[in-house]
Amino acid sequence: SNPMTNDQLTQWDHDHFFHPSTHLGQFARREIGNRIIKGAEGVHITDREGHTSLDAFAGLYCVNVGYGRTEIADAIAAQAHELAYFHSYAGHGSEASITLSRMVAERAPEGMNHVYFGMSGSDANETNIKLVWYYNNILGRPEKKKIIARWRGYHGSGLMTGSLTGLELFHNKFDLPLSQVVHTQAPYFYRRDDRSMDEAAFTADCVSKLEALIEREGADTIAAFIGEPVLGTGGIVPPPAGYWDAIQAVLKKHDILLIADEVVTGFGRLGTMMGSDHYGLKPDLITIAKGLTSAYAPLSGSIVSDRMWKVLEQGTDENGPLGHGWTYSAHPIGAAAGVANLKLLDSLNLVGNAGTVGAHLNNAMTQALGDHAHVGEIRGEGMLCAVELVKDRDDRVFFDAGDKTGPRVVAAMLDRGVIARAMPQGDTIGFAPPFCLTRDEADHVVSVTKDAIASVL
Ligand code: PLP
(Lines give C-alpha, C1' and ligand atoms only; values in the text may rest on other atoms or scores of the structure.)
Protein backbone atom coordinates (compact mmCIF):
# COMPACT_ATOMS: atom_id res chain seq x y z
CA SER A 1 0.00 0.00 0.00
CA ASN A 2 2.31 2.69 -1.30
CA PRO A 3 0.67 6.11 -1.29
CA MET A 4 2.74 7.30 -4.27
CA THR A 5 1.07 6.85 -7.63
CA ASN A 6 3.14 5.87 -10.65
CA ASP A 7 2.16 9.15 -12.32
CA GLN A 8 3.51 11.15 -9.40
CA LEU A 9 6.79 9.23 -9.31
CA THR A 10 7.19 9.57 -13.06
CA GLN A 11 6.65 13.31 -12.80
CA TRP A 12 9.30 13.66 -10.09
CA ASP A 13 11.60 11.41 -12.07
CA HIS A 14 11.38 13.75 -15.05
CA ASP A 15 11.57 16.89 -12.95
CA HIS A 16 14.55 15.97 -10.77
CA PHE A 17 16.37 12.70 -11.36
CA PHE A 18 19.50 13.05 -13.52
CA HIS A 19 19.93 9.52 -14.88
CA PRO A 20 23.46 8.35 -15.73
CA SER A 21 24.30 7.15 -19.23
CA THR A 22 20.96 8.34 -20.56
CA HIS A 23 19.80 10.28 -23.63
CA LEU A 24 18.45 13.26 -21.70
CA GLY A 25 16.47 14.73 -24.58
CA GLN A 26 14.69 11.49 -25.35
CA PHE A 27 13.98 10.98 -21.67
CA ALA A 28 12.51 14.48 -21.36
CA ARG A 29 10.30 13.88 -24.40
CA ARG A 30 9.29 10.54 -22.87
CA GLU A 31 10.58 8.65 -25.88
CA ILE A 32 12.35 6.25 -23.56
CA GLY A 33 10.41 4.67 -20.77
CA ASN A 34 11.06 5.08 -17.10
CA ARG A 35 10.80 1.68 -15.53
CA ILE A 36 10.72 1.81 -11.76
CA ILE A 37 12.08 -1.41 -10.32
CA LYS A 38 10.47 -2.48 -7.12
CA GLY A 39 11.89 -5.83 -6.11
CA ALA A 40 13.86 -8.86 -7.20
CA GLU A 41 14.41 -12.52 -6.33
CA GLY A 42 16.86 -15.00 -7.81
CA VAL A 43 17.28 -14.07 -11.48
CA HIS A 44 14.03 -12.07 -11.73
CA ILE A 45 13.26 -8.39 -11.23
CA THR A 46 9.77 -6.93 -10.83
CA ASP A 47 8.75 -3.38 -11.62
CA ARG A 48 6.22 -1.22 -9.85
CA GLU A 49 3.47 -2.22 -12.26
CA GLY A 50 4.05 -5.88 -11.49
CA HIS A 51 5.89 -6.95 -14.66
CA THR A 52 8.52 -9.58 -13.95
CA SER A 53 11.57 -10.09 -16.17
CA LEU A 54 14.42 -12.56 -16.18
CA ASP A 55 17.52 -10.40 -15.79
CA ALA A 56 20.04 -12.02 -18.11
CA PHE A 57 22.51 -9.19 -17.52
CA ALA A 58 22.56 -9.31 -13.67
CA GLY A 59 21.96 -5.57 -13.45
CA LEU A 60 25.20 -4.32 -15.03
CA TYR A 61 26.91 -7.72 -14.82
CA CYS A 62 27.21 -7.32 -11.11
CA VAL A 63 24.49 -9.16 -9.17
CA ASN A 64 26.49 -12.34 -9.51
CA VAL A 65 24.96 -14.34 -6.64
CA GLY A 66 21.45 -13.36 -7.72
CA TYR A 67 18.87 -11.11 -6.09
CA GLY A 68 17.24 -11.40 -2.69
CA ARG A 69 20.04 -13.09 -0.75
CA THR A 70 19.05 -12.72 2.88
CA GLU A 71 22.56 -13.73 4.06
CA ILE A 72 23.97 -10.55 2.53
CA ALA A 73 21.05 -8.35 3.54
CA ASP A 74 21.35 -9.60 7.13
CA ALA A 75 25.13 -9.00 7.18
CA ILE A 76 24.56 -5.43 5.96
CA ALA A 77 21.89 -4.80 8.59
CA ALA A 78 24.02 -6.26 11.38
CA GLN A 79 26.98 -4.12 10.34
CA ALA A 80 24.85 -0.97 10.16
CA HIS A 81 23.60 -1.61 13.68
CA GLU A 82 27.01 -2.41 15.11
CA LEU A 83 29.21 0.06 13.26
CA ALA A 84 27.79 1.87 10.24
CA TYR A 85 30.98 3.81 9.67
CA PHE A 86 34.43 4.57 10.79
CA HIS A 87 37.24 5.63 8.49
CA SER A 88 40.22 3.49 7.58
CA TYR A 89 42.85 6.26 7.47
CA ALA A 90 46.04 6.09 9.53
CA GLY A 91 45.75 2.42 10.33
CA HIS A 92 42.11 2.30 11.45
CA GLY A 93 39.73 -0.40 10.25
CA SER A 94 36.79 -2.62 11.03
CA GLU A 95 36.55 -6.36 11.50
CA ALA A 96 34.70 -6.59 8.23
CA SER A 97 37.27 -4.68 6.15
CA ILE A 98 40.21 -6.62 7.62
CA THR A 99 38.43 -9.95 7.10
CA LEU A 100 37.54 -9.04 3.54
CA SER A 101 41.12 -8.03 2.69
CA ARG A 102 42.22 -11.48 3.89
CA MET A 103 39.51 -13.21 1.81
CA VAL A 104 40.44 -11.25 -1.30
CA ALA A 105 44.16 -11.98 -0.90
CA GLU A 106 43.36 -15.70 -0.54
CA ARG A 107 41.50 -15.57 -3.86
CA ALA A 108 44.05 -13.44 -5.72
CA PRO A 109 46.94 -14.79 -7.81
CA GLU A 110 50.23 -15.72 -6.07
CA GLY A 111 52.26 -12.79 -4.87
CA MET A 112 49.34 -10.34 -4.60
CA ASN A 113 48.58 -9.75 -0.95
CA HIS A 114 47.40 -6.20 -0.30
CA VAL A 115 44.03 -4.65 -1.11
CA TYR A 116 43.10 -0.96 -1.28
CA PHE A 117 39.31 -0.58 -1.06
CA GLY A 118 37.28 2.04 -2.92
CA MET A 119 33.63 2.41 -3.92
CA SER A 120 33.44 1.90 -7.67
CA GLY A 121 35.38 0.31 -10.49
CA SER A 122 36.13 3.78 -11.80
CA ASP A 123 37.74 5.03 -8.60
CA ALA A 124 39.68 1.75 -8.21
CA ASN A 125 41.20 2.31 -11.64
CA GLU A 126 41.99 5.93 -10.75
CA THR A 127 43.78 4.54 -7.67
CA ASN A 128 45.69 2.07 -9.83
CA ILE A 129 46.98 4.78 -12.16
CA LYS A 130 48.06 6.92 -9.21
CA LEU A 131 49.86 3.94 -7.66
CA VAL A 132 51.65 3.27 -10.94
CA TRP A 133 52.80 6.88 -11.18
CA TYR A 134 53.86 6.96 -7.53
CA TYR A 135 55.78 3.71 -8.02
CA ASN A 136 57.75 5.06 -10.97
CA ASN A 137 58.47 8.31 -9.15
CA ILE A 138 59.84 6.41 -6.16
CA LEU A 139 61.93 4.28 -8.51
CA GLY A 140 63.41 7.48 -9.93
CA ARG A 141 61.97 7.30 -13.43
CA PRO A 142 59.50 10.19 -13.53
CA GLU A 143 59.23 10.16 -17.33
CA LYS A 144 57.79 6.59 -17.39
CA LYS A 145 54.12 7.56 -17.05
CA LYS A 146 51.99 6.82 -20.12
CA ILE A 147 49.31 4.18 -19.91
CA ILE A 148 48.41 1.91 -22.81
CA ALA A 149 44.76 0.88 -23.04
CA ARG A 150 42.87 -0.85 -25.86
CA TRP A 151 40.24 0.46 -28.22
CA ARG A 152 36.91 -0.98 -27.02
CA GLY A 153 38.23 -1.36 -23.49
CA TYR A 154 36.01 -0.06 -20.69
CA HIS A 155 37.64 1.16 -17.48
CA GLY A 156 35.19 3.68 -16.07
CA SER A 157 33.80 7.17 -16.47
CA GLY A 158 36.24 9.35 -14.51
CA LEU A 159 38.72 11.76 -16.10
CA MET A 160 41.53 9.22 -16.28
CA THR A 161 39.39 6.12 -16.48
CA GLY A 162 37.11 7.67 -19.10
CA SER A 163 40.32 8.36 -21.02
CA LEU A 164 41.47 4.75 -20.70
CA THR A 165 38.07 3.61 -21.92
CA GLY A 166 38.41 3.11 -25.65
CA LEU A 167 34.84 3.91 -26.69
CA GLU A 168 34.12 7.24 -28.35
CA LEU A 169 30.79 7.69 -26.60
CA PHE A 170 32.72 8.20 -23.36
CA HIS A 171 35.15 10.72 -24.89
CA ASN A 172 32.96 12.86 -27.13
CA LYS A 173 32.45 16.43 -25.91
CA PHE A 174 34.19 15.64 -22.62
CA ASP A 175 37.64 16.59 -23.94
CA LEU A 176 38.94 13.06 -23.34
CA PRO A 177 41.24 11.20 -23.61
CA LEU A 178 43.83 12.96 -21.46
CA SER A 179 47.30 13.14 -22.96
CA GLN A 180 48.96 10.42 -20.85
CA VAL A 181 46.79 7.72 -22.43
CA VAL A 182 47.52 5.88 -25.67
CA HIS A 183 45.30 3.22 -27.24
CA THR A 184 46.22 0.08 -29.11
CA GLN A 185 44.27 -2.39 -31.24
CA ALA A 186 41.40 -4.33 -29.69
CA PRO A 187 41.88 -8.11 -29.75
CA TYR A 188 38.61 -8.47 -31.63
CA PHE A 189 39.17 -11.30 -34.08
CA TYR A 190 35.75 -11.23 -35.73
CA ARG A 191 36.13 -7.55 -36.65
CA ARG A 192 39.74 -7.81 -37.87
CA ASP A 193 40.40 -5.59 -40.90
CA ASP A 194 42.05 -8.32 -42.90
CA ARG A 195 39.71 -11.29 -43.04
CA SER A 196 42.38 -13.51 -44.53
CA MET A 197 44.15 -13.60 -41.14
CA ASP A 198 43.62 -16.68 -39.01
CA GLU A 199 43.55 -16.40 -35.23
CA ALA A 200 47.29 -16.90 -34.79
CA ALA A 201 48.06 -14.28 -37.43
CA PHE A 202 45.64 -11.85 -35.79
CA THR A 203 47.25 -12.38 -32.38
CA ALA A 204 50.63 -11.68 -33.97
CA ASP A 205 49.14 -8.54 -35.53
CA CYS A 206 47.91 -7.30 -32.11
CA VAL A 207 51.39 -7.91 -30.70
CA SER A 208 53.19 -6.14 -33.52
CA LYS A 209 50.85 -3.15 -33.25
CA LEU A 210 51.63 -2.98 -29.53
CA GLU A 211 55.36 -3.20 -30.21
CA ALA A 212 55.14 -0.47 -32.83
CA LEU A 213 53.30 1.77 -30.38
CA ILE A 214 55.93 1.19 -27.68
CA GLU A 215 58.66 1.88 -30.22
CA ARG A 216 56.95 5.10 -31.36
CA GLU A 217 56.32 6.44 -27.84
CA GLY A 218 59.54 5.12 -26.29
CA ALA A 219 59.45 2.33 -23.69
CA ASP A 220 60.96 4.66 -21.09
CA THR A 221 57.80 6.82 -21.29
CA ILE A 222 55.33 3.94 -20.80
CA ALA A 223 54.38 2.89 -17.29
CA ALA A 224 51.57 0.37 -17.66
CA PHE A 225 49.17 -1.54 -19.87
CA ILE A 226 45.57 -1.93 -18.71
CA GLY A 227 43.20 -4.55 -20.06
CA GLU A 228 40.12 -6.57 -19.23
CA PRO A 229 40.81 -10.32 -19.50
CA VAL A 230 37.69 -10.43 -21.73
CA LEU A 231 36.60 -7.13 -23.30
CA GLY A 232 33.24 -6.36 -21.66
CA THR A 233 31.32 -3.24 -22.54
CA GLY A 234 33.22 -3.02 -25.83
CA GLY A 235 31.30 -6.08 -27.05
CA ILE A 236 31.98 -9.12 -24.78
CA VAL A 237 35.00 -10.28 -26.74
CA PRO A 238 37.27 -13.07 -25.47
CA PRO A 239 40.82 -12.65 -26.81
CA PRO A 240 42.18 -14.79 -29.65
CA ALA A 241 44.27 -17.83 -28.70
CA GLY A 242 47.70 -16.98 -27.32
CA TYR A 243 46.94 -13.29 -26.95
CA TRP A 244 47.67 -12.77 -23.26
CA ASP A 245 50.87 -14.84 -23.21
CA ALA A 246 52.25 -12.89 -26.14
CA ILE A 247 51.20 -9.48 -24.78
CA GLN A 248 52.70 -10.25 -21.36
CA ALA A 249 56.02 -11.18 -22.96
CA VAL A 250 56.18 -7.77 -24.67
CA LEU A 251 55.30 -5.92 -21.46
CA LYS A 252 57.93 -7.80 -19.51
CA LYS A 253 60.59 -7.03 -22.10
CA HIS A 254 59.91 -3.30 -21.76
CA ASP A 255 59.37 -3.22 -18.00
CA ILE A 256 55.74 -2.13 -18.40
CA LEU A 257 53.36 -2.96 -15.55
CA LEU A 258 50.16 -4.92 -16.20
CA ILE A 259 46.85 -3.81 -14.70
CA ALA A 260 44.20 -6.51 -15.06
CA ASP A 261 40.81 -4.82 -14.92
CA GLU A 262 38.73 -7.62 -13.41
CA VAL A 263 35.71 -5.52 -12.52
CA VAL A 264 33.57 -7.88 -14.62
CA THR A 265 35.68 -11.05 -14.54
CA GLY A 266 36.70 -11.02 -10.86
CA PHE A 267 35.09 -13.54 -8.49
CA GLY A 268 33.80 -16.11 -10.87
CA ARG A 269 32.28 -14.77 -14.06
CA LEU A 270 34.60 -16.81 -16.30
CA GLY A 271 34.07 -19.97 -14.24
CA THR A 272 37.38 -19.42 -12.43
CA MET A 273 37.79 -17.34 -9.28
CA MET A 274 39.69 -14.65 -11.19
CA GLY A 275 39.95 -13.99 -14.93
CA SER A 276 43.72 -13.89 -14.37
CA ASP A 277 43.56 -17.59 -13.42
CA HIS A 278 41.75 -18.38 -16.65
CA TYR A 279 44.28 -16.65 -18.93
CA GLY A 280 47.47 -17.12 -16.90
CA LEU A 281 47.83 -13.39 -16.23
CA LYS A 282 50.51 -12.23 -13.80
CA PRO A 283 49.39 -8.67 -13.12
CA ASP A 284 50.98 -6.04 -10.90
CA LEU A 285 47.55 -4.62 -10.05
CA ILE A 286 44.05 -6.06 -10.31
CA THR A 287 40.91 -3.94 -10.32
CA ILE A 288 37.90 -5.50 -8.60
CA ALA A 289 34.39 -4.15 -7.99
CA LYS A 290 31.05 -5.59 -9.12
CA GLY A 291 31.49 -9.24 -8.11
CA LEU A 292 33.17 -8.31 -4.82
CA THR A 293 29.80 -7.56 -3.21
CA SER A 294 27.50 -8.71 -6.04
CA ALA A 295 26.44 -5.03 -5.93
CA TYR A 296 24.60 -5.42 -2.62
CA ALA A 297 26.66 -2.41 -1.52
CA PRO A 298 29.14 -0.25 -3.45
CA LEU A 299 32.69 -1.49 -2.92
CA SER A 300 35.73 -1.86 -5.15
CA GLY A 301 39.37 -2.67 -4.71
CA SER A 302 42.88 -2.55 -6.10
CA ILE A 303 44.87 -5.71 -5.41
CA VAL A 304 48.57 -4.84 -5.23
CA SER A 305 51.49 -7.17 -5.99
CA ASP A 306 54.17 -7.70 -3.36
CA ARG A 307 56.70 -6.18 -5.77
CA MET A 308 54.78 -2.90 -5.94
CA TRP A 309 53.91 -3.01 -2.27
CA LYS A 310 57.59 -2.89 -1.23
CA VAL A 311 58.10 0.27 -3.29
CA LEU A 312 54.97 1.91 -1.86
CA GLU A 313 56.29 1.26 1.66
CA GLN A 314 59.65 2.70 0.70
CA GLY A 315 57.86 5.72 -0.76
CA THR A 316 56.04 6.56 2.44
CA ASP A 317 59.25 6.15 4.46
CA GLU A 318 60.79 8.75 2.18
CA ASN A 319 57.79 11.06 1.72
CA GLY A 320 55.32 10.61 4.53
CA PRO A 321 51.82 9.08 4.44
CA LEU A 322 50.33 8.16 1.09
CA GLY A 323 48.24 11.16 0.05
CA HIS A 324 45.42 9.11 -1.41
CA GLY A 325 42.22 8.19 0.41
CA TRP A 326 38.44 8.41 0.11
CA THR A 327 36.12 9.00 3.04
CA TYR A 328 34.39 5.77 2.13
CA SER A 329 37.51 3.63 1.50
CA ALA A 330 36.79 0.20 3.02
CA HIS A 331 33.32 1.28 4.15
CA PRO A 332 32.26 -1.23 6.82
CA ILE A 333 28.85 -1.85 5.27
CA GLY A 334 30.36 -2.58 1.87
CA ALA A 335 32.97 -4.80 3.51
CA ALA A 336 30.31 -6.75 5.43
CA ALA A 337 28.43 -7.27 2.16
CA GLY A 338 31.66 -8.46 0.54
CA VAL A 339 32.41 -11.01 3.25
CA ALA A 340 28.88 -12.46 3.09
CA ASN A 341 28.96 -12.46 -0.72
CA LEU A 342 32.28 -14.32 -1.02
CA LYS A 343 31.09 -16.88 1.54
CA LEU A 344 27.96 -17.47 -0.51
CA LEU A 345 29.98 -17.92 -3.71
CA ASP A 346 31.85 -20.75 -1.97
CA SER A 347 29.01 -22.39 -0.06
CA LEU A 348 26.73 -22.58 -3.11
CA ASN A 349 29.54 -23.41 -5.56
CA LEU A 350 28.44 -20.49 -7.70
CA VAL A 351 31.76 -20.15 -9.52
CA GLY A 352 31.43 -23.76 -10.64
CA ASN A 353 27.86 -23.07 -11.73
CA ALA A 354 28.97 -20.01 -13.71
CA GLY A 355 31.34 -22.31 -15.59
CA THR A 356 28.94 -25.18 -16.29
CA VAL A 357 25.68 -23.27 -16.90
CA GLY A 358 27.64 -20.60 -18.77
CA ALA A 359 29.01 -23.28 -21.12
CA HIS A 360 25.48 -24.63 -21.53
CA LEU A 361 24.16 -21.14 -22.37
CA ASN A 362 26.88 -20.62 -24.97
CA ASN A 363 26.33 -24.05 -26.52
CA ALA A 364 22.55 -23.68 -26.61
CA MET A 365 22.85 -20.22 -28.17
CA THR A 366 25.20 -21.60 -30.82
CA GLN A 367 22.86 -24.51 -31.59
CA ALA A 368 19.83 -22.24 -31.87
CA LEU A 369 21.37 -19.34 -33.78
CA GLY A 370 24.78 -20.37 -35.06
CA ASP A 371 23.54 -20.76 -38.63
CA HIS A 372 21.22 -17.77 -38.70
CA ALA A 373 21.72 -15.53 -41.74
CA HIS A 374 21.99 -12.42 -39.55
CA VAL A 375 24.20 -13.84 -36.82
CA GLY A 376 27.83 -13.07 -37.54
CA GLU A 377 29.34 -14.53 -34.41
CA ILE A 378 28.37 -16.10 -31.09
CA ARG A 379 31.13 -15.86 -28.52
CA GLY A 380 31.57 -16.10 -24.79
CA GLU A 381 33.47 -17.44 -21.84
CA GLY A 382 31.99 -18.68 -18.58
CA MET A 383 28.77 -16.85 -17.77
CA LEU A 384 29.32 -14.29 -20.54
CA CYS A 385 27.78 -14.65 -23.98
CA ALA A 386 27.38 -12.36 -26.98
CA VAL A 387 25.43 -12.62 -30.21
CA GLU A 388 26.70 -10.25 -32.91
CA LEU A 389 24.11 -9.40 -35.54
CA VAL A 390 25.14 -8.51 -39.09
CA LYS A 391 23.37 -7.48 -42.27
CA ASP A 392 25.15 -10.12 -44.31
CA ARG A 393 26.87 -13.04 -42.69
CA ASP A 394 28.88 -14.34 -45.64
CA ASP A 395 30.34 -10.99 -46.64
CA ARG A 396 30.46 -9.73 -43.03
CA VAL A 397 28.45 -6.58 -43.77
CA PHE A 398 27.52 -4.71 -40.62
CA PHE A 399 24.25 -2.89 -40.00
CA ASP A 400 24.35 0.92 -39.90
CA ALA A 401 24.28 2.36 -36.39
CA GLY A 402 21.08 4.17 -37.40
CA ASP A 403 19.34 0.82 -37.98
CA LYS A 404 19.45 0.27 -34.21
CA THR A 405 19.23 -3.46 -34.79
CA GLY A 406 20.72 -4.40 -31.41
CA PRO A 407 18.47 -2.08 -29.38
CA ARG A 408 15.41 -3.27 -31.33
CA VAL A 409 16.16 -6.92 -30.60
CA VAL A 410 16.75 -6.14 -26.94
CA ALA A 411 13.41 -4.28 -26.80
CA ALA A 412 11.67 -7.28 -28.40
CA MET A 413 13.27 -9.51 -25.77
CA LEU A 414 12.06 -7.26 -22.97
CA ASP A 415 8.52 -7.54 -24.39
CA ARG A 416 9.00 -11.29 -23.95
CA GLY A 417 10.23 -10.94 -20.37
CA VAL A 418 14.00 -11.28 -20.75
CA ILE A 419 16.56 -8.53 -20.15
CA ALA A 420 19.68 -8.58 -22.32
CA ARG A 421 21.96 -5.64 -23.09
CA ALA A 422 22.54 -3.95 -26.43
CA MET A 423 26.27 -3.33 -26.14
CA PRO A 424 27.20 0.32 -26.81
CA GLN A 425 29.06 -0.29 -30.06
CA GLY A 426 28.03 -2.61 -32.83
CA ASP A 427 24.95 -4.76 -32.94
CA THR A 428 25.92 -7.11 -30.19
CA ILE A 429 23.41 -8.58 -27.76
CA GLY A 430 25.15 -9.22 -24.45
CA PHE A 431 24.31 -11.79 -21.78
CA ALA A 432 25.83 -11.90 -18.30
CA PRO A 433 23.29 -13.61 -16.04
CA PRO A 434 23.61 -14.22 -12.33
CA PHE A 435 25.64 -17.35 -11.58
CA CYS A 436 22.61 -19.11 -10.07
CA LEU A 437 20.95 -19.33 -13.50
CA THR A 438 19.63 -22.84 -14.16
CA ARG A 439 19.92 -24.76 -17.41
CA ASP A 440 16.18 -24.39 -17.99
CA GLU A 441 16.42 -20.65 -17.51
CA ALA A 442 19.38 -20.56 -19.90
CA ASP A 443 17.28 -22.45 -22.49
CA HIS A 444 14.47 -19.95 -21.99
CA VAL A 445 16.85 -17.04 -22.58
CA VAL A 446 18.00 -18.69 -25.81
CA SER A 447 14.49 -19.31 -27.14
CA VAL A 448 13.41 -15.74 -26.34
CA THR A 449 16.52 -14.43 -28.10
CA LYS A 450 15.67 -16.50 -31.16
CA ASP A 451 12.04 -15.33 -31.23
CA ALA A 452 13.04 -11.70 -30.75
CA ILE A 453 15.57 -11.83 -33.61
CA ALA A 454 12.94 -13.44 -35.82
CA SER A 455 10.48 -10.67 -34.98
CA VAL A 456 12.93 -7.87 -35.85
CA LEU A 457 14.93 -9.26 -38.79
N1 PLP B 1 36.11 -1.60 -15.40
C2 PLP B 1 35.32 -2.43 -16.05
C3 PLP B 1 35.91 -3.59 -16.78
C4 PLP B 1 33.93 -2.24 -16.05
O5 PLP B 1 33.13 -3.06 -16.74
C6 PLP B 1 33.41 -1.15 -15.32
C7 PLP B 1 31.95 -0.91 -15.28
O8 PLP B 1 31.19 -1.50 -16.00
C9 PLP B 1 34.29 -0.29 -14.67
C10 PLP B 1 35.64 -0.56 -14.71
C11 PLP B 1 33.81 0.88 -13.93
O12 PLP B 1 33.14 0.49 -12.78
P13 PLP B 1 32.09 1.48 -12.08
O14 PLP B 1 30.94 1.61 -13.03
O15 PLP B 1 31.75 0.77 -10.81
O16 PLP B 1 32.78 2.77 -11.84
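Predicted model: local features only at pLDDT ≥ 70, side-chain atom pairs only at ≥ 80, totals over all residues.

The ligand is surrounded by 15 residues, and S120, G121, S122, G156 and V263 are the closest. Residues are numbered from 1 along each chain as its sequence is written.

**Ligand shell**
- Helix α6 (residues 121–138) gives the largest share of the shell, three residues.
- Helices (H or I, at least four residues) and strands (E, at least two) are DSSP runs, numbered from the N terminus.
- By class, the shell has five nonpolar, eight polar and two charged residues.
- Ala, Val, Leu, Ile, Met, Phe, Trp, Tyr, Cys and Pro count as nonpolar, Asp, Glu, Lys and Arg as charged, and the others, Gly among them, as polar.

**Overall fold**
- The chain has 16 helices and 15 strands.
- Its C-alpha atoms fill a box of roughly 65 × 60 × 45 Å, taken along the principal axes.
- Of the 457 residues, 48% are buried (20 or more other C-beta atoms within 10 Å of the residue's own, with C-beta atoms placed from the backbone).
- Among contacts between residues at least 6 apart in sequence, 72% join residues at least 24 apart. Two residues are in contact if their C-beta atoms, placed from the backbone, lie within 7 Å.

**Nonpolar core**
- The largest nonpolar core has 122 residues; I147, A224, I303, A337 and V445 touch the most other members.
- Helix α13 (residues 332–347) supplies the largest share of this core, nine residues.
- Domain 1 (35–65 + 349–456) and domain 2 (71–347) both give residues to the core, so it lies between them.
- Such a core is a set of buried Ala, Val, Leu, Ile, Met, Phe, Trp, Tyr and Cys residues joined through C-beta atoms within 7 Å.
- V445 touches L54, A56, L361, V418 and F431, not counting residues up to four places away in sequence.

**Domain contact**
- The domain bounds come from an automatic or database domain assignment.
- The C-alpha centres of domain 1 and domain 2 lie 26 Å apart.
- In domain 1, 29 residues are in contact with 27 residues of domain 2.
- Elements giving two or more residues to the domain 1 side include α14 (350–369) and β11 (375–381).
- That side of domain 1 has 13 nonpolar, 11 polar and five charged residues.

Conventions. Near = placed C-beta within 6 Å. Buried ≥ 20, exposed ≤ 12 C-beta atoms within 10 Å, placed from the backbone.
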